Amino acid sequence: MIPYRVPPVRQLGPARLTAGLEDCRRMDLAEHRDMHGTAPGMSGEELAALADEVDMRGRGGAAFPFARKVRAVMDKKSEKIVLVNAAEGEPASSKDTMLLTRTPHLVIEGALLAAGAIGAKQVVIATVEGGMGQASVAAAVEERGISDQVRVVGIVERFISGEGGALVRSVNGLVGEPPGRKVRAVESGVNGLPTLLSNAETYAQLAVLATLGAERYADVGTAREPGTVLLTVGGSAKAPAVVEVATGTPLYAVLDACQASTGDGVLVGGYHGAWLHADAAAVATVSRQGILEAGGQLGAGIIVPLGGETCPLGETVRVAKYLAAQSSGQCGPCRLGLPDVAQSMAELVKGSASALDELRSRASSVKGRGACFHPDGTSRFVLSALDAFPEDIEEHLLRGGCGRPVLGVLPLPPQENEPEVKLTVDWTRCQGHGLCAQLAPDLVHLDEHGYPVFGRDTVPTQFRRMARRAVEMCPALALRVAQEA
């Protein structure tokens, strides 16, 4: 996300969610009412039928039919909760932050509409702790005088913080990580109650749909996917922005509006999405179906054009290492598999001929085996680079590089740019005690003579504490942690 500043907005076609934002920085309640009116109340079945009529899907990435969630929660006899997921842990996304900071009442309006329809007594809006979005939406709740009905919760920002199970755990005061087993929010969500969970844009779209009605809502977009969609366009764009576009709009038109160069390719769907080759991006249209036909997934509407100045494979390595470090460490595919995937990608960039097959094998082996979808999404991202950048792969394998620097076009949180470290041994001191392999089994194994061998070039973030402990406990003071040159 774009931290601590209001994301700029652009529109291609009729403005729905962003209507009026060209004239004001943030809409207060009166401005919201003048622009959007008030969404009419309706029953749960009426709301579900309305969502069905336009095939409304969640805008958080999974594209789950919203009506099915509504009906699933309606069937529960106990007290119910509406949960708004505005915890944008994805570094390349800022659309939900834009909604909370610039038009928070639209999100609240949709959430209140849903709460009234299913009979929920409370709405919970979860956003990044200490961010502008939290302050803005809290002020909007206060302006409406509904603090007894709407609770704003700040959560720690991580890549996995927006995963449904992790979000529910955070709101419930637990560690914000996936629960390790699939727990549907409609069965047991906030405080263990049936919870209608969807992201901020979904609720904003719901408010617009209820106000306009299905027929007017479908005046724009494609017949199969009517309406508009919010995109976060960054990367090489000279004018990055959150862009509202009608579905069916050519992707190149969005890039042109943001003064973006496709260069070698475009990342769509964020860091659990996929790279599109420049040729595929040139003919792609903005919709779930259009991006799927181009070889990607629209996901949460993240568009990162690469440009032509940076190394595509080097950029992929940076993000692969970040994603490996963002693991909650609950299962082998995440804790061990993702660092191995990142290491193989790094070796490929250096020109290792064996790394290509190794990367394919390692990335494929983590798919479908994790406690959540993080290994699957990371694998998809990395493997897509092999399809999108074949010419670059050939250059790296032949020459050990493509001659271009890694400019950091793909955004990462500042703390993720810390220098890499590696384990080293002072062989004049090492006596082969073998304790390091016991204390750091994910980093060290012993050779046939009992001396340490390191299985990784660098120490992944999640293993740094383990590495430091091994260094501190080394009886001969031979083991060291050194900064990577």
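The model is predicted; local features require pLDDT of at least 70 and side-chain atom pairs count only at pLDDT 80 or more, while totals for chains, interfaces and linings use all residues. Residues are numbered from 1 along each chain as its sequence is written, and side-chain values use heavy atoms, with hydrogens and water left out.

**Helix 7**

Select residues 164–171, which form helix 7. Helices (H or I, at least four residues) and strands (E, at least two) are DSSP runs, numbered from the N terminus. Six of the eight residues in helix 7 are buried (under 20% relative accessible area, with exposed over 50% and partly exposed in between; 1.4 Å probe, protein chains only). To see the buried residues, colour G165, A166, L167, V168, S170 and V171.

Next, display what covers them: strand 2 (81–86), strand 3 (122–128), strand 4 (150–155) and strand 5 (195–199) are included. Contact here means heavy atoms within 4.5 Å.

Move to the start of the helix and show E163, where a side-chain oxygen comes to within 3.0 Å of the backbone nitrogen of G165. Just after helix 7, select G173, which adopts a positive phi of about 85°.

Which cysteine sulfur is nearest to that of C436? Select C474: its sulfur is 6.6 Å away, and C436 is in no disulfide (a pair of cysteine sulfur atoms within 2.5 Å). C474 is likewise in no disulfide. By this rule, the count of disulfides is zero. C436 is buried, with a relative accessible area of 12%, and C474 is buried at 16%.

Terms used. Polar contact = N/O pair within 3.5 Å; in protein donor to acceptor, adjacent residues only side chain to side chain.
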